[in-house]
Amino acid sequence: MRQREDWWEYTKRIIRSYPALERKQKAGKELTAYEQRRLDVVSWALEEIQRMPGGRARREIIQRVYFDNSHTLYGAALLVPIGEATAKRWNAEFIRMLAKKFDFP
């Protein structure tokens, strides 16, 4: 169980770093190879969820919880509106999608 917790939390930190990396890139600052990979993978995942059923709502959940830090998963689910279980499932799918792309266990 501990192994999952390590990559799970690390993947969430990668998601949270996306807005700062995006701003850095737009400001014309050079990203390290690892920063660029993180930016590219999260961008790819965001595009992928847009194509999924409920794509707009999925993106809204990610935006509120990880990028804006304005809502909990439950609060974002109420805002969208979807059920808490659906928000948890979508969140887990997004995290697993990124982890798979990064080849985490």
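Author: Pro-81 sits in the loop between α4 and α5, where helices (H or I, at least four residues) are DSSP runs, as are strands (E, at least two), numbered from the N terminus. The peptide bond that joins Val-80 to Pro-81 is cis, with an omega of about -10°. Please keep in mind that this is a predicted model, in which local features need pLDDT of at least 70 and side-chain atom pairs count only at pLDDT 80 or more, whereas totals for chains, interfaces and linings use all residues. Residues are numbered from 1 along each chain as its sequence is written, and side-chain values use heavy atoms, with hydrogens and water left out.

Reader: Okay, and which residue just after α3 takes a positive phi?

Author: That is Asn-69, with a phi of about 50°, although Asn-69 is not a glycine. Asn-69 belongs to the loop between α3 and α4 and is exposed, with a relative accessible area of 54%; buried means under 20% of that area, exposed over 50%, and partly exposed in between (1.4 Å probe, protein chains only).

Reader: Let's go inside, then. How many residues make up the largest nonpolar core?

Author: The largest nonpolar core has 29 residues, and those with the most contacts inside it are Ile-15, Leu-46, Ile-62, Phe-67 and Phe-94. By core I mean a set of buried Ala, Val, Leu, Ile, Met, Phe, Trp, Tyr and Cys residues joined through side-chain atoms within 4.5 Å. The elements that give two or more residues to this core are α1 (2–26), α2 (33–51), α3 (55–67), α4 (73–79) and α5 (84–101), with the largest share, 7 residues, coming from α5.

Reader: And what does Phe-94 touch?

Author: Setting aside residues up to four places away in sequence, Phe-94 touches Ile-15, Ala-45, Leu-46, Ile-49 and Ile-62, a contact being heavy atoms within 4.5 Å.

Reader: I notice an Asn in α5; is Asn-91 buried or exposed?

Author: Asn-91 is in helix α5 and counts as buried because its relative accessibility is 9%. Beyond its neighbours within four places in sequence, Asn-91 is in contact with Ile-62, Tyr-66 and Leu-73.

Reader: What span should α5 have, and what do its ends give?

Author: The 18 residues of α5 should span 26 Å, and its end C-alpha atoms are 26 Å apart, which agrees; the expected span is 1.5 Å times one less than the number of residues. For α3, the 13 residues should span 18 Å, and the end C-alpha atoms, 17 Å apart, agree with that.

Reader: Which residues line it?

Author: The lining consists of Ile-49, Arg-58, Ile-61, Ile-62, Trp-90, Asn-91 and Phe-94, and α3 and α5 each supply at least two of its residues.

Reader: Last topic, charges: how many salt bridges are there?

Author: The count comes to 7 salt bridges, taking one to be a side-chain nitrogen of Lys or Arg within 4 Å of a carboxyl oxygen of Asp or Glu. One of them pairs Arg-89 with Glu-93, the closest N and O atoms being 4.0 Å apart, and both residues lie in helix α5, 4 residues apart, about one turn of the helix. Salt bridges that share partners join Arg-58, Arg-89 and Glu-93 into one network.

Reader: And where do Arg-51 and Glu-48 lie?

Author: Both lie in helix α2, 3 residues apart, about one turn of the helix, and they form a salt bridge with the closest N and O atoms 3.4 Å apart. Arg-51 is exposed at 60% relative accessible area, whereas Glu-48, at 25%, counts as partly exposed.

Note on methods
1 Å grid on protein atoms, 1.4 Å probe; cavity = no way out; pocket = protein on both sides within 12 Å on 5 of 7 lines; lining within 4 Å.
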